[in-house]
Amino acid sequence: MDWGNIFGNAVGEIISPTTAAYALAAIGLGIHFGYTGLLNFGQAAFLLIGAYAFAIPTLAGAPLIVAILCAIVCSVIFAFILGIPTLRLRADYLAIVTIAAAEVVRYIVTTTGLTDFTGAANGLSGFKGTFAAINPIPEGTYGFGPFVYNQYDWWVRIVGWVLVALASVLVWLLMRSPWGRVVKGIREDEDAVRSLGKNVYAYKMQALIIGGGLGSIAGIIFILPRAVQPANYTTGLTFFIWTIMLLGGAATIFGPIVGSMIFWVVLSLTQGILYGAIESGALSFVSTTQAGQIRFILVGVALMLLVIFRPQGIFGNKKELSFSV
Amino acid sequence: MSNPESAVVSSHPLVKGEVGPGCAKVDPIVIADHVTRQFGGLKAVDVDHLEIPRGQITALIGPNGAGKTTMFNLLTGFDKPNTGTWEFDGTSLAGVPAFKVARAGMVRTFQLTKSLGRLSVLQNMLLGATGQKGEKLFASLFKGIWRKQEEENTARADELLARFKLDAKREDYAASLSGGQRKLLEMARALMSNPRLIMLDEPMAGVNPALTQSLLGHIKNLKSDGTTVLFVEHDMHMVTHISDWVVVMAEGRVVAEGPPETVMKDPAVIDAYLGAHHDEDLGDLMEDGPNPVLEAERKAHEAHPEAGESGYGEEKS
């Protein structure tokens, strides 16, 4: 086994744009679940909407800023569609509606009738031009050790992690304020907050929109190093984001970031080790395809162990946020 | 009680005209008309007319299922009535959502305490303050906008916490408080908004006697501060002790009203709510007829004759 290569790949995941995208999506989900108590099981839909609402206008010739605004506006509209009927109801209803809505939008973009717009099952590609055009880094390869990338890959990483940092600052600013106090109160008992004269419905809607908006920006970061593939936006994506959020700690600032880093490093390590073991013949009873699935079995087991033994995550305060809604 | 007729007073300084169910008050703060709420075939609330006197402590009493809490929920916008209108201080609040009712100055507490467990006691208190600039989404990002107001609110919260003897718990999570302390916290939190009317749903339920005394003191203090109090309670002695006016509900209707000394003697109250034996000990009732406690013990004895009899059952049978 080439341990140097395995560890090199794993360490590279720490700053990969995918890690940044998942961290951003988990920060958004943290606003929903960790701070406001909204059970959003459709975060994948916000990523999907961000991706398509960015890629489609870009391919139609829209400038970068228009495409980004389009992604944000679409996610706000989607949040309203989800929230208007369900936020007056108990938390469980939002959970059901979000999980269903995420599947609905995925089927919509996959329909062959929309091939001209969404590319159906093939997805979309060739939308990186506008983003690459504003890259200030001169052409070339930079970096050291495992972190050697070309100018575009660095540009995606820098923008991705700057956005993660900005989102974290936003969450910190919001949650230290009286606004944050109200949404945390809603997480505890919304009737009590209502009895104190707060418009609970409006706060839940604001939280849903902010978290969903971060999800759609995560969707843009997620597609910048790759193509848009509808198969990426299954409920599995939502549950990876949940795993990341719970791993780091749901109502914490750094939890989603570190959770995402650990998640991807572990996935990369297990993949490297399993593939290496198969190639060297140490593991003869599984194929490499099966090994890919085994990794995700491990994710499921890890999520279960996490919820049972450390419900507050890595950064969470057990007293403040045990795993209950 | 031997002569119920003499107990019914026909006039009272709080009342305009004659005292009776639904009587008009000299200075009402809440006026409700034709409020009904139906749950399937059951009319949980069916109140023709009710007025709550301003600046007084009014007790709302009645047997289980009389519709007291439902009435509370309706008045505060937590439930929607089938029919009915009501006004608070001259403004109609019928159909107004709960948070606007609270902003209008009519704040309630809950029968099952709703302390916000994973917020500190101080944060619970600060949540009670109204008109906070920092609660607006965009203003919340800039501390400069809300810092001063937050300091004022914190000072007021500390003052109230000291009054309710919760100042030592200031930084603790509300979940770590005892049941009685949570009741105190909920009341103190409701007071943060300086309500004109505070509605307490069973403030004494599950609170030990020592704490009950201090709760009673707090409720009386509210009156001296000029706040109107409406509360639901089961304990007769407490009601007699602190209330200026008592409204009795049974089966959704207001069956009697009056000052506490006399309303208890109203035959309608005795029949509908207290029953014929309200001032006797359960143990003294056995000669009069079937006693559920003894019945249960007798059945248990029949089912398990080998088990030792309880001293209580043996002595009487």
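Here is a short chat about a predicted model with chains A and B.

Me: Let's start with chain B. How many helices and strands does it have?
Reply: Chain B has 12 helices and 12 strands.

Me: And how much of chain B is buried?
Reply: Of its 317 residues, 40% count as buried.

Me: What share of the chain B contacts with a separation of 6 or more comes from residues 24 or more positions apart?
Reply: That share is 65%.

Me: Okay, on to the open sheet in chain B. What's the strand order?
Reply: The order is β8-β9-β10-β5-β11-β12 in chain B, 6 strands with mixed pairing.

Me: Which strands stand at the edges?
Reply: Those are β8 (106–108) and β12 (253–258) of chain B. Each has a single partner strand, so one side of each is left without a neighbour in the sheet.

Me: How are neighbouring strands turned against each other there?
Reply: On average by 20°, direction ignored.

Me: Nice. Switching to chain A: how do α2(A) and α13(A) pack?
Reply: Helix α2(A), residues 17–35, packs with helix α13(A), residues 255–279, at an angle of about 140°, and the axes are 8 Å apart.

Me: Why do you call that pair oblique?
Reply: Angles over 145 degrees would count as roughly antiparallel. The angle here is about 140°, and the two helices are therefore oblique to each other.

Me: Is the crossing left-handed or right-handed?
Reply: α2(A) and α13(A) cross in a right-handed way.

Me: Which residues meet there?
Reply: From α2(A), they include T18(A), Y22(A), A26(A) and G30(A). On the α13(A) side, G255(A), I257(A), F263(A) and W264(A) are among them. By class, this contact has 9 nonpolar, 6 polar and no charged residues.

Me: Last topic, where chain A touches chain B. How many residues does each chain put in?
Reply: Chain A gives 25 residues and chain B gives 28.

Me: Which helices of chain A each supply at least two residues?
Reply: α8 (151–176), α9 (178–188), α10 (190–195) and α11 (200–223) of chain A do. The largest share of that side, 7 residues, comes from α9(A).

Technical notes. Residues numbered from 1 in each chain as written. Chains lettered and ligands numbered in written order. Predicted model: local features only at pLDDT ≥ 70, side-chain atom pairs only at ≥ 80, totals over all residues. Pairing = 2+ DSSP bridges. Helix = DSSP H or I, 4+ residues; strand = E, 2+ residues; numbered from the N terminus. Axes fitted to C-alpha atoms, helices over the stretch in contact; angles between N-to-C directions. Parallel < 35°, antiparallel > 145°, perpendicular 65-115°, else oblique. Left-handed = near helix turned anticlockwise from the far one by under 90°. Contact = placed C-beta atoms within 7 Å. Nonpolar A, V, L, I, M, F, W, Y, C, P; charged D, E, K, R; others polar. Buried ≥ 20, exposed ≤ 12 C-beta atoms within 10 Å, placed from the backbone.
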